[in-house]
Amino acid sequence: MPHPKQPEVGRALPFRRPMNDATQTKDATGRLRQIEALTDSALAHLDVEELLSELLERVRDVLHVDTAAVLLLDRASNSLIATAARGIEEEVIQGVRIPVGRGFAGRIAAEKRAVILDRVDHTNVLNPILRDRGIRSLLGVPLRSQGEVLGVLHVGTLSPRKFTEDDAELLHLVADRVALATQARLNEADRSAAIALQNSLLPGRLPQLHGLEFAARYVPGEAGGVGGDWYDVFSLPSGRLCVVMGDVVGRGLRAAVVMGRLRSTLRAYSLMTEDPAEVIARVDRKLQHFEPGEMATIMMTVFDPSYDTITISCAGHPPPVMARANDPATVLELPVDPPIGVFANHRRRNTTIEIPRGAVLCLFTDGLVERRDATLDERFDELCQAVQADAPDAVCAAVMLRMVGSTTPKDDIAVLTVRRTDDSRTAPLDIHVAAVPTSLGQIRVALRRWLATVGATDDDANDILVAVGEATANAVEHAYGAAGGVVEVHVDLEDRDVVIRVRDSGQWRAPRGEHRGRGTMIMEKTSDTFHLIRGENFTEVIMRRRLST
Amino acid sequence: VSTPAVTVTTEPSGSTIAVKLAGEIDLANADDVAQAVDAAITNQSFDAIIDVAGITYIDSVGMRYLFTLAARLNTAQIRLRFLAPLGTPARRVIELSGLNAVAPVDPPLG
């Protein structure tokens with residue numbers, strides 16, 4: 001490797017070789033400018049690793065050393081991770097980790113001061129790469145940003161060298177520049193990651209359902225950092241629908257990560273119990289055990305399959321506003337239980353509320369109503385004036401106009417509006433899904449919901465679910481070969497008759513397996529009329545079932 | 001069907017369809033292989049035999065397809081069997097990945 005103590009021939013570097021102390025200082029100042037120059041806009045496009053790599057190259061020239069490396073502190077593991085290196089690239093490639101307090105770099109981070117090693121050996125250096133590469137002398141300084149240690153910058157030589165206080169002083173100056181630039185990059189990287197995470201976790205497209213309409217808004221707060229606000233809408237196997245609004249205390253990537261975990265946890269527990277107070281209680285236990293110190297508010301709303309009522313449980317979250325058709329909006333009166341993450345095993349309560357047709361429910365996070373220049377009551381009054389029993393998107397727009405206007409909000413704001421549509425006649429159910437086993441559950445969810453809206457009794461609903469289940473399972477099992485295909489389900493009401501059509505586009509084949517022919521028998525028994533139409537390239541089952549009154 | 005690195009040969013015989021895979025299967029051509037194999041196994045087949053003896057390399061994307069195929073044919077009640085002679089590259093991957101737990105492999109595990 002070329003020895004960079006002698007500037008390479010033909011390399012236009014704006015410094016001279018050191019002559020004496022005075023010129024050296026002057027020289028050092030000049031060289032420092034080179035480092036400063038690296039923080040300019042020309043390098044703005046570089047990410048942390050690229051930027052550090054560039055800076056280290058200059059550091060090698062400025063200090064006449066053979067190696068230069070930056071290790072950044074990983075707070076979670078309290079260790080230093082090699083992030084950029086020149087002359088000892090292996091450090092980064094091999095993912096070197098040094099516990100704070102141990103070895104050369106670890107000592108610098110722990111003591112927050114420069115460390116000079118005139119002679120490197122196994123007693124003072126933990127990292128075997130440094131010894132194997134034949135590094136003889138080392139000088140390292142902490143990278144500091146706003147008083148906090150961000151990492152360590154160290155330089156080394158392959159021949160013995162006595163690093164001086166002046167060298168250390170110069171490296172400190174360089175470290176300050178590096179820390180500044182690095183902190184800015186890390187903040188930006190955190191911000192980008194938080195935004196990407198938030199975007200990936202908020203539902204990109206809200207569900208399209210017969211009987212309910214949705215619209216949502218999410219606006220990050222003034223500080224630019226994304227917070228931990230989230231909302232979620234998802235169906236359960238029973239046909240119930242969950243609408244969740246939550247807010248993790250804190251900002252930035254950390255809050256976004258906790259938010260992502262809470263969202264998954266809440267979804268998972270919802271498959272085990274559909275009681276919102278119970279779901280929140282379990283999420284609370286999980287949070288307290290695995291993420292102690294974090295706190296969040298949650299509003300969980302479960303619509304029953306007919307959408308006639310909601311069951312709602314509130315963990316320290318601002319209550320939703322509801323507007324019934326032709327009535328002014330009001331704040332729902334709910335018992336408010338504590339946020340999650342604070343009290344062990346606190347009692348949590350549910351409230352059941354009727355949702356008349358045409359009513360609008362508006363859920364939101366506190367950023368919408370909290371403002372320094374107005375009381376909460378005033379803000380809730382304003383919100384009630386903005387919410388009307390209108391199309392959800394129009395309601396969201398009206399709420400944002402009135403509550404946010406043209407002032408960038410201090411805090412994040414999430415708003416989710418749901419309207420129960422006012423159809424006098426239930427629209428037919430139309431489902432086109434892949435002919436795979438997992439579609440059967442999806443079909444049942446949609447069918448349960450549809451049957452609830454047409455007022456089917458439990459007995460009618462169960463029979464119809466079985467009949468449709470058999471017809472769709474046939475399509476999944478028999479219609480297609482390895483390539484698969486689609487199954488279509490169409491369900492409509494004619495007077496009090498539920499008319500069901502299940503169709504596939506496959507080639508008919510005789511049923512196989514142990515339950516051969518049983519499906520047809522079941523379909524005949526659970527419907528009033530049953531027809532099987534076998535086409536060249538399709539099979540269709542048509543069944544009717546009269547609803548009891 | 002032929003792609004740069006892989007060949008898929010199909011041979012129907014009565015209600016049995018035999019598919020021979022040879023060459024390399026990776027991210028770049030796994031979709032083509034899947035399409036060719038899927039098209040060959042119709043719902044009229046009772047048995048499907050996938051001969052993987054000629055595969056010189058198969059990555060996780062290729063294996064994911066074989067798992068998907070096994071699940072799909074199980075649902076469609078089409079018997080599936082893999083021919084993977086001992087000592088062939090695919091045999092090793094089949095054993096390591098647990099594919100032999102979801103579909104029979106010839107020769108069977110010793």
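**View 1. Helices α12 and α13 of chain A in the predicted model.** Helix α12 covers residues 458-478 of chain A and helix α13 covers residues 518-526 of chain A; their axes come within 9 Å and cross at roughly 150 degrees. Angles over 145 degrees count as roughly antiparallel, so α12(A) is roughly antiparallel to α13(A). The crossing of α12(A) and α13(A) is left-handed. On the α12(A) side the contact involves A:Asp463, A:Val466, A:Ala467, A:Glu470, A:Ala471 and A:Asn474. These meet A:Gly519, A:Ile522, A:Met523 and A:Thr526 of α13(A). Sorted by class, this contact of α12(A) with α13(A) has five nonpolar, three polar and two charged residues.

**View 2. The open sheet of five strands in chain A.** The strands follow the order β17-β18-β19-β21-β20 (chain A), and their pairing is antiparallel. Strands β17 (429-434) and β20 (529-534) of chain A have a single partner strand each, so one side of each is left without a neighbour in the sheet. On average, and with direction ignored, neighbouring strands of this sheet are turned by 10 degrees against each other. Helix α11 (residues 437-453) of chain A packs on the sheet, where it touches β17, β18 (486-494) and β19 of chain A. The direction of α11 makes about 170 degrees with that of β17(A).

**View 3. Strands β19 and β21 of chain A.** Strand β19 (residues 497-504) and strand β21 (residues 539-546), both of chain A, run antiparallel and are joined by eight bridges. Opposite A:Arg501 stands A:Ile542 in β21(A).

**View 4. Helices α6 and α7 of chain A.** Helix α6 (residues 165-201) and helix α7 (residues 252-270) of chain A pack at an angle of about 20 degrees, and their axes are 8 Å apart. Angles under 35 degrees count as roughly parallel, so α6(A) is roughly parallel to α7(A). The crossing of α6(A) and α7(A) is left-handed. From α6(A), A:Asp190, A:Ala193, A:Ala194, A:Leu197, A:Gln198 and A:Leu201 make the contact. Residues of α7(A) in the contact include A:Gly252, A:Leu253, A:Met259 and A:Arg263. By class, the contact of α6(A) with α7(A) has eight nonpolar, three polar and two charged residues.

**View 5. The contact between chain A and chain B.** Here 16 residues of chain A are in contact with 14 residues of chain B. About 1200 Å² is buried between the two chains, and carbon and sulfur atoms give 41% of this area. Within chain A, the residues that lose the most area to chain B are A:Ala482, A:Arg509 and A:Arg512, together 49% of what that side buries.

Definitions and conventions: Residues numbered from 1 in each chain as written. Chains lettered and ligands numbered in written order. Predicted model: local features only at pLDDT ≥ 70, side-chain atom pairs only at ≥ 80, totals over all residues. Heavy atoms only, no water. Pairing = 2+ DSSP bridges. Helix = DSSP H or I, 4+ residues; strand = E, 2+ residues; numbered from the N terminus. Axes fitted to C-alpha atoms, helices over the stretch in contact; angles between N-to-C directions. Contact = heavy atoms within 4.5 Å. Parallel < 35°, antiparallel > 145°, perpendicular 65-115°, else oblique. Left-handed = near helix turned anticlockwise from the far one by under 90°. Nonpolar A, V, L, I, M, F, W, Y, C, P; charged D, E, K, R; others polar. Buried area = accessible area lost by both parts, 1.4 Å probe.
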